[in-house]
Amino acid sequence: MQLSPIEHAATSPRSDHTRQVWIDFARGIGVILVVYGHVLGGLIPPHLFPDGPLAQWMSYALYTFHMPLFFFLAGLNVQHSLARGTRTFLAGKAWTIAYPYVLWSLIQGGVIMLISRNANIPITASDLAAIWYRPMAQFWFLYALMICHILAVLIPNRTIMIAVALAGLTVFMLLPIRPDLALTMHHLPFYVAGLCATRIVMVWQPHGRTGWTTWTVIAAGFAAAVAIGGQLSGLDANGAASLPACILGIGSVVLLCKLLNETRYRWLALVGVMSMTIYVLHIMAGSGTRIIMQMLHVPPMPWVYLLAGTAAGVILPMVAHTVLQRLNLLAPLGLAPLPKRKPASAPPVSQAARSD
């Protein structure tokens, strides 16, 4: 059977290489924003960063799109992964999403319990026991993403999947109180968007001045959507009025990452490759840096704390990732897929057998 131009481009080695690099760029940008947002949020309760309009608008702008971006990127890889079989797909996701969710929730929760005096949000044993149905801290993302993957298997019909996603988003918007687990309904449409637009997004490759001009227009549109959506929603990053900013934010990141030079920004791709390790460790690294700085009586300079915490939240997990990789501990800790088993080598054939 002859492949269409889109299918041929999506399955060629060059396309796979380009896809992987720009997706790593996007994951790198996304996880840096996650760290920045969480560090900023952690500095406000101890009054190390003023809880004024600047902090509120920075948080709003980040939260309109940076987590939906991850769901969109996850959706892009689903078709390729499902081609290996649903059992293999779910087994892989159980190891790289469900297992680290449980493991690192317990580890981070245990550490916070030990330093409860210095923690902004103390953790109790009952909180740890409830992670099966009430995700803790940043780990709601892994819980919600696993639900999205399961739905992708249970609902192979994409039209029905789109209907479910839109219905869930509508219900979410109507909820008077939105627990973290309900965020699944808000983010599922972006996962489905990535799933349905995989071939188009992978093949699309902007170039040169036209690409950068388009990015400037989209980025300006994002800034305008943030200003308007923030006013209309009362700075509710998950509100209906914030959806234009969300879509434009995702679009601007995707376009930017497709325009970036692969060689010049290899460091950003490396951040993207290590994004899972950064995600599960950045709270401990960033909060630990804040606590140490306070213990050393560093003056409460807001931007010093913010930049130091963000840098530590990215760099320290990357160092940990490198060490764990050298010790072959990434997979056991749920930070990398299990290594594929090599097929058993065939038994040696005797000379007599060869002659037969």
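**Close-up views of a predicted model**

View 1. Val323 is partly exposed, with a relative accessibility of 43% (buried is under 20% relative accessible area, exposed over 50%, partly exposed in between, with a 1.4 Å probe and protein chains only). Val323 sits in helix 15 (helices are DSSP runs of H or I with at least four residues, numbered from the N terminus). Together with Ile315, Val319, Leu327 and Leu329, Val323 makes up a nonpolar patch on the surface, whose accessible area is about 420 Å². Patch members have over 30% relative accessible area and no salt bridge, and nonpolar side chains are joined within 5 Å; a salt bridge is a side-chain nitrogen of Lys or Arg within 4 Å of a carboxyl oxygen of Asp or Glu. Areas come from the Shrake-Rupley method with a 1.4 Å probe.

This is a predicted model, where local features need pLDDT of at least 70, side-chain atom pairs count only at pLDDT 80 or more, and totals for chains, interfaces and linings use all residues. Residues are numbered from 1 along each chain as its sequence is written, and side-chain values use heavy atoms, leaving out hydrogens and water.

**View 2. Two loop residues with positive phi.** Most residues other than glycine have a negative phi. His297, in the loop between helix 14 (275–295) and helix 15 (302–326), has a phi near 60°. His297 is exposed at 68% relative accessible area. Asn328 also has a phi near 60°, and lies in the loop between helix 15 and helix 16 (351–355). Asn328 is exposed at 63%.

**View 3. Gln108 in helix 5.** Gln108 belongs to helix 5 (residues 86–114) and is buried, at 1% relative accessibility. Beyond its neighbours within four places in sequence, its contacts (heavy atoms within 4.5 Å) include Met136, Phe139, Val280 and Met284.

Terms used. Patches are made of residues with over 30% relative accessible area and no salt bridge: like charges are joined within 9 Å, nonpolar side chains (Val, Leu, Ile, Met, Phe, Trp, Tyr) within 5 Å.
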